[in-house]
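Let's take a walk through this one, chain by chain. Keep the coordinates open as you read.

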Amino acid sequence: MNSYVPILVLGALSLGFAVVSIGAGALTGPKRYNRAKLDAYECGIEPTPQPVGGGRFPVKYYLTAMLFIIFDIEIVFLYPWAVHFDALGIFGLVEMVLFIVTLLAAYAYVWRRGGLEWD
Amino acid sequence: MSALSVSATFAAAEFQTPSIEYSKLMPMLIVFGVALVGVLIEAFMGRTGRHQVQLILSIAGLVAAFVSVTMLAGDNQIAAVGAVAVDGPALFLQGTILLLAIPGVLTMAERSLDRGGVFTSAGSSTPGSEHERVLTATGVTQTEVFPLTMFAVGGMLLFPAANDLLTMFVALEVLSLPLYLLCGLARRRRLLSQEASLKYFLLGAFSSAFFLYGIALLYGYSGTVRLSGIAEAVSSNSGSDTLLMTGTALLAVGLLFKVGAAPFHSWTPDVYQGAPTPITGFMAACTKVAAFGALLRVLYVGLGGLAWQWEPVMWGVAILTMVVGSVVALTQTDVKRMLAYSSIAHAGFILTGLVATDTVDPDTGAVLGVSSVLFYLLAYGFITIGAFAVVTLVRDAGGEATHLSQWAGLARRSPLVAAVFTLFLAAFAGIPLTSGFTGKFAVFSAAIAGDAAPLVVIGVVMSAVAAFFYFRVVVLMFFNAPAPDGPAVAVPSPLTTVAITLSVAVTVLLGVWPTQVLDLADRASQFVR
Amino acid sequence: MTVVEVMFALLGVIAVGSAILVVTTQHLVHAALWLVVTLGSVAGCYLLLSAEFVAWVQVLIYIGAVVVLLLFGLMLTRAPIGQSDDLDSPLGQRIAAAVTAASAGAVLVASVVTSFRGERIDLSDDRVAGSTGDVGAAVFRSWVLPFEVLSLLLLAALIGAIVLSRRDVSAGPAGARMGVVDEFGEIAEADGVVR
């Protein structure tokens, strides 16, 4: 548990920094608003107007999220295997290769079906 | 605390390479391998000919897997580090599932009834939109259904063979996930199909959560998820009874949901009605076989020592299921919904056989509760797949005509189809010389041997009620005048014809000459522990 | 009470409280964000129980991926982003749901409490497994088969995602060669813009 103390300290520090800087800004800064300031912040680019009535996002987002989840879960299994690799030896390697090859089929399928192309 | 001693073994420094007996897992390996190859075909093969290749591959895989099951016959051991039991009930049910999947896949591959087949190629196109209209007109075939079906079959093979609850849970998910999807891919009546898919998914996920919580509590009770370990803890009476009872109840809820037993049946009619009909047939037959297999194994192997506790509950569930299925079916006006309620009622009949624990046939040494259920599942599966295959043939301009009034006078349009459907209905009702009669006889006599005579009385009464609505349909088909703009009976390709013929043959054969299969079920009725 | 116990209790209260907010808030997006708090505090509980690996899996998969999928789900289905009264079910349903949840919770809490009351586990003991290495050993020692089958489950899930979400059959190099599909690939695009 003690190994988490530095992380907790770091978390507390960053929280404190965020609170202090936002608070200081709110207390001391001038408050003059214009249209550009009130717009949604999109990294300095002009915000893309939303379609009237809310609009519907392309279903591609869903596919991207699913892809992310599935390969995320794969990584999660890779991690304990890697940590314990020395003891697992060839058997572990073979099983992990089987696991990855199966998911490689998924990857091949997604790629060939254009799931990796945005447009 | 026993849970701790188990986790302590995780930390053992020396790692011994586990041995996996691949030859004992051959049926599953074949089916999963075919699914994997199917995915690669989807990825790398052009559209032309993909349908034929997938169909041939799937059927060949199912046949090969069945052959490997027959080669394993007589085995009685636990494989894959205790995860899989290779024993009589597991092999019998795996064989049954593979045999049922063959006509299932054949009906799914049917393309001459509906242009491009029963599955839509774009599940997300909005029902009623221009996109959908164009898709329907072009008739693009959906071929991913083959690998998805093979995944489901693989999960079903593992489900009744799983010897620990963790493997069982993974198998449950592998069999369910493709089915949730397949339910939503109907080409016609898309909204109904999507609704069915969503309902099945939400309720299925909910029941999986129950199942998982049950596993957690049973692990808390016994410190292991192996069925043998749980059985040991039950017999040595260690641990807290509260955990055991709650865990058992939650686990049973998850399994009874998949079986479609009341009061966890409410998804069945909606899902059976909305799903593409070949999927309904496949799901109704194969999922029930797999889920009853798992239920048998959990109750007999893991919780056998607790039988005096769960038997009364199963009595109640069986009675409720039979009554709800048979009585509510009377009011149905849609063929698919009627068959759905009939499948609920049949789950109840099977449960009456299941409660006959510890009743061993003195002559053959067969465990009657197991062998009767095994036989019933085989008989019921083929009747169901055949009946739903017949439903796909009665069509009008909007697709399948499933309202019962549209079936009036069907015998005038096609005496053959009406006769075949009558045979299946008679088998559902349990008329002698059909497989349904033999099955009902088996489970009811098992129940009588297990001192459950009241259950049998209710079963017989409910069979009579059920027979009433089956014969109402027969009367409708043979003695009513057809509506002038009624549906026509489509002529299917050899695929559906073969599937229906196979179902008819098994239904008649198991009714007239069931001895061989009954003997096989008797010999296969011993669980490995 | 030790520091760990106090923190555990605190996290438990946060988890339950935010879980209640998930189902009672009238903002759909807020519900998803409260879910992050719930899942995060459960992860904290795992951490305090020295199940390090599970805790970080909880953060990675549930907070990182599942909640993102939920938010994408809100975007895709034209769900109301702001406050909406549609989220309120009829009173009868709400009462039924509350009763069901409360009684299910009561049964589970009661069965766990009566079974483990007074039982103490020394978390500083090395034999209490939960580290990444232990999980690795367990997966490859006892649970190899479920692990491999899991990869098939993931594969099936991905195929399913594509089968469900594919609107434009002509997408991808395989589809581009198909003459018949190309022409309604166009229509699919137009359709996508309108909607």
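This is a predicted model: local features need pLDDT of at least 70, side-chain atom pairs count only at pLDDT 80 or more; totals for chains, interfaces and linings use all residues.

Residues are numbered from 1 along each chain as its sequence is written, while chains are lettered from A and ligands numbered from 1 in the order in which they are written.

Chain A has four helices and zero strands (DSSP runs numbered from the N terminus: H or I of at least four residues for helices, E of at least two for strands). Its mean pLDDT, the predictor's confidence in each residue from 0 to 100, is 84. Helix 1 (residues 5–28) of chain A has the highest confidence at a mean of 93, and helix 2 (residues 35–38) of chain A the lowest at 78.

Now look at where chain A meets chain C: 38 residues from chain A and 40 residues from chain C take part (contact means C-beta atoms, placed from the backbone, within 7 Å). On the chain A side, helix 3 of chain A gives the most, with 15 residues.

Two spots have a positive phi without being glycine. R189(B), at about 45°, sits in the loop between helix 7 (165–183) and helix 8 (190–222) of chain B. S50(C), near 65°, lies between helix 2 (28–48) and helix 3 (52–76) of chain C, in the loop. Finally, a cis peptide bond joins A262(B) and P263(B).

Key: Two residues are in contact if their C-beta atoms, placed from the backbone, lie within 7 Å.
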